[in-house]
Amino acid sequence: MTTAAIVEPLDSGLAPATDRESTRLLRRLLRRPVTVVCMVWLAVVVIVAIVAPILMPHVASQNAGNIFKVLQGPSRQHLLGTDSVGRDVLDRLLVGTRVTMLGVVESVFVTLVIGVPAGLAAGYLGGRTDRAIGWLTDLTLSLPGIALVLVVLSIFPSSMLAGMVTLGVILSPFTTRVVRSATLPIREELYIAAAQVSGLSRFYIITRHVLSRILGVVIVLAAIYAATSLVTQTGLAYLGLIVPLPAPSWGGMVGDGISALTNQPWLIWPPGVAMTLTVVAFGLLGDAVRDVTAERWSGARVQRPGRRRAAPMAGAGPSPVAPAPASDALLCVQNLTVRFPSRGSVRVIDDVSFEIAAGETVGLVGESGCGKTVTAMSLLRLLPGDGEIVAGRITFDGRDLASLPEEQLRRVRGREIGLISQEPMVSLTPAFRVGWQLALSVRVHHGVSRRAAQATAIELLRSVHLPDPGLVARLYPHELSGGMAQRVAIARALAGEPKLLIADEPTTALDVTVQAEILELLRELQRDRGMAILLVTHDWGVVADLCDRAVVMYAGQVVEQAELNPLFRRPLHPYTRALLMSDLHNAPDLDHLPSIPGSVPKPGAWPHGCHFHPRCGYATAACRDQPIPLEHPTAGRDTRCIHADQLSVLR
Amino acid sequence: MTDSGALLDVRDLTVEYSRGRGRPPLRAVDGVSFSLTARETLGLVGESGSGKTTIGRAILGLAPVTAGEIRFAGEEITAASRQRRRALSTELQVVFQDPYSSLNPTRTIGQTLSEVMRAHGRPAREDVQERVHAMLEHVGLPSDATDRYPAHFSGGQRQRVAIARALMNQPRLVICDEPTSALDLSVQAQVLNLLRGLQHEFELGYLFISHDLAVVRHLSHRIVVLYRGRIMEHGDAAAVYANPAHPYTVALLDAAPVPDPEIQQQRRGVRVRKAVTGPPVDDANGCSFAPRCPHVIDRCRTSRPALEAMPEGTLVACHRWRELHTNGANSRPPQPLSTTT
């Protein structure tokens, strides 16, 4: 077989190529005004640290200035005033920058050089290495830090280097611990296993694969240590321990200022402000660099947590699109449109309409990224992030859920519409017993006594066929298997005796034999309670097993809906047809499986006209020109395809 | 089946995990034997807890082997040194299930692919680049993918990258650990087609691990069905799929819903009649499937069935395979048209 035959037409949806690495990082940093200010300030500090002592060599050894002008405030001659022996404050501040900054660099360097490799080794290698390093960090942590610095400084009097190196050593166990705990989860990632299987050396894996992931942590740590070092220096210089007098340093000047506080309160301000600004600049720049390095590979701008907007739709629903429904369906969704302002306000759901009758099971089918889950969640207005319903009407039992005030909606959630999700474990709180959580749901919905609620909880567990419900009620969620947890989640959803159950991929995470049991349970519950089910799934087998009708979604739109048998026999949309054919159970015994070329376009990248046309074998010019409306070729069937009549019977 | 021509030969493999003091170790894999020849695909099927993934990891040296022997191309690699493992990596590769965590998000596709070559010697820069571009073309990705990060790619595209990485050094055996279970239907078909094409082109052997019998059946020559760390059935793929001998294989096949409402309705009826649960059985002295088996007899709870060869060559670990086989108790509920033909 030739290469050409193997390679399927390429998936679309690649982001356009952008410029190279190094320039990109800087450009992204410069895009943030606050970051630019921080960078400028730190650049000025560094330049001053280098230049000032060269330009003003006399300042460092100046024991006294003009003794007739001591403790003066700012003046034209002395822009920042003079100190207690008449020396110019500005000169001293500028010259003192070097020794101060050198101290910062020394301590940060030492703590990172010791702490990062130790943390990486402990986290990645584990076992004996981890224990040995843990023992050493514990030992270092148990030493009294300040006393240690004082002892070292008594051996090396007035030595900034000795003091700051000691500080670095004292801080290193914190670095080790933070780096170690950041490394542990990364060690379990599959790409580390893949790198091992690829024959890469441990050193290579640690430096390239692990370090690159924890760089953000290290950057933030470095910024914190820079600030810590600056503040520590102040204390030590105030005690006159790390800088040989009369040489100036920021810390020493703060000390001078404090001693002259009653006579001249101004004196403390120049070094104080310089230090504060530098500490703040370190912190902000550290965060920004972290965000930008993460942005580089994560493919998305890191969202700074902003103010949360007030409920976007409550009451003032801009839903003039649809008149109230004429049908008597339990749930009627009309022209529902959802968008996410944080993602550039692109629509994720576009003009979705469907109905569910009382006691009916409807499958919401499609691949990931088609908007099934967002549609299901928007019915309860439980959209992730800042998703908002911008148009449409969700009529449930005579009320429009899209515009219902939050307070009333809360009474609908859980009580009238239940929800079970793909990960049943996530919906249970790990800290409480299953029975307690169920009883709480019962009390919230029915306001009964504690004892009655407990009895109801056991009843609910029995109704989902858990063996020995009394025992299960006393278990914690982690003691349940996947299938048991899903049964408990279903029991909880039943607590409010809902008329509609939204089941979002309820069996996807389960084994196939357990899936069969859960599907059986859902069928039985529906039969006994007359409950309607909206089943979100990508599995045609599950649809065929449980549903009466199916709604097929593609790229944010409903493309087809029909009763089950006609849908499977003769789909009227090419997407439905192609998706059915790529199911292995339908696949002929061939080497080459039928598949759909390309992939589902992301919201915002939907093509003009029919969303499916770039991947469709039936597409013509008419499909590209304008949006395709949802048509009703026969009673009870909808399709968003103008070539529906060309699709042949599938079986 | 200990012919020296086997590419991979696993003998009585047992893997145990410690569960802490005072508790017996968890036996994830229990005396599993199979072999795989060059250019062959062997499917390992089972549900969670069947030990299928652990077997793959043990072969790769990522899980500790308690007992047994793993041979690769005649060489014993059960306890290979780190050095030996690094050398082996040119011949023995892996594609993992989750294309999101199997690629380092901070490394570009180019870095991810080229480092695999640089792990063995110092190839010239141009050679590496040429190979990376050739591999990307083989898996159907554009050559400008090298400068991008994994975040820019969809799940299916990432899985293509993971496949390209596995093939960079032209291995002879690739362990595919559920490579399509995180993918959508249409993308799953794309990736299965790709894997099949690459097998022909590069003469690869695959150990294909999956929970989905239909997927395994499509790609494999032979199938091993696992339950709680033990082999239940082992035989020709078409035979196991069409005429399963072990009640567990039957249960697996029956449980998978088929995409046809009418057929599925009939299958459902059969399935409900068969469902049972009994008291747990002491694994060491009984069949581990006994508690869920509709054909269980007392003997199943007291003696562990050995793997026996059926006339057609399929190996099955069931005390009652002869009677079940002759009286048709394992007869299957209706199948969709295409798979019964």
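Q: How many bridges join strand β4 of chain B to β5(B)?

A: The model is predicted. Strands of a sheet pair through backbone hydrogen bonds, either parallel or antiparallel. Here 2 bridges link β4 (residues 67-72) of chain B to β5(B), and the two run antiparallel. Within β5(B), Glu76(B) is the residue opposite Arg71(B).

Q: Which helix packs on this sheet?

A: Helix α1 (residues 52-59) of chain B does. It touches β1 (8-17), β2 and β4 of chain B. The direction of α1 makes about 110 degrees with that of β1(B).

Q: In what order do the 4 strands of this open sheet in chain B stand?

A: Read across the sheet: β2-β1-β4-β5 (chain B), with antiparallel pairing.

Q: What is the strand order in the open sheet of 7 strands in chain A?

A: The order is β6-β7-β8-β3-β9-β10-β11 (chain A), and the pairing is mixed.

Q: Why is one side of β6 and of β11 of chain A left without a neighbour in the sheet?

A: Look at the edges. β6 (417-420) and β11 (638-639) of chain A stand there with a single partner strand each, so one side of each has no neighbour in the sheet.

Q: How do β3 and β9 of chain A run, parallel or antiparallel?

A: Parallel. Strand β3 (residues 361-365) of chain A is joined to strand β9 (residues 549-554) of chain A by 4 bridges. For Val362(A), the bridge partner in β9(A) is Arg549(A). A helix, α17(A), also packs on the sheet, where it touches β6 and β7 (500-504) of chain A. Its direction makes about 170 degrees with that of β6(A).

Q: Which residues have the most contacts inside the largest nonpolar core?

A: Leu500(A) and Trp540(A) do, in a core of 100 residues. Helix α17 (residues 482-494) of chain A gives the most to this core, with 7 residues. Leaving aside neighbours within four places in sequence, Leu500(A) is in contact with residues including Leu330(A), Ile356(A), Phe396(A), Glu416(A) and Met531(A). A second, separate core has 64 residues, among them Met135(B), Val139(B), Ile163(B) and Val225(B).

Q: How many cavities of 30 Å³ or more are there?

A: The count is 6.

Q: Which residues lie nearest the centre of the largest cavity?

A: Pro247(B), Cys287(B), Cys293(B), Cys300(B) and Cys318(B) do. In total, 13 residues line this cavity.

Technical notes. Residues are numbered from 1 along each chain as its sequence is written. Chains are lettered from A and ligands numbered from 1 in the order in which they are written. This is a predicted model: local features need pLDDT of at least 70, side-chain atom pairs count only at pLDDT 80 or more; totals for chains, interfaces and linings use all residues. Side-chain values use heavy atoms; hydrogens and water are left out. A nonpolar core is a set of buried Ala, Val, Leu, Ile, Met, Phe, Trp, Tyr and Cys residues joined through side-chain atoms within 4.5 Å. Buried means under 20% relative accessible area, exposed over 50%, partly exposed in between (1.4 Å probe, protein chains only). Contact means heavy atoms within 4.5 Å. Two strands pair if DSSP finds at least two bridges between them. Axes are lines fitted to C-alpha atoms, for helices over the stretch in contact, and angles run from 0 to 180 degrees between N-to-C directions. On a 1 Å grid over the protein atoms alone, a cavity is a set of points where a 1.4 Å probe fits but cannot get out, and a pocket is an open set with protein on both sides within 12 Å along at least five of seven lines; lining residues have an atom within 4 Å of a point. Grid points are joined across faces, edges and corners, and a volume is the space filled by probe spheres set on the points.
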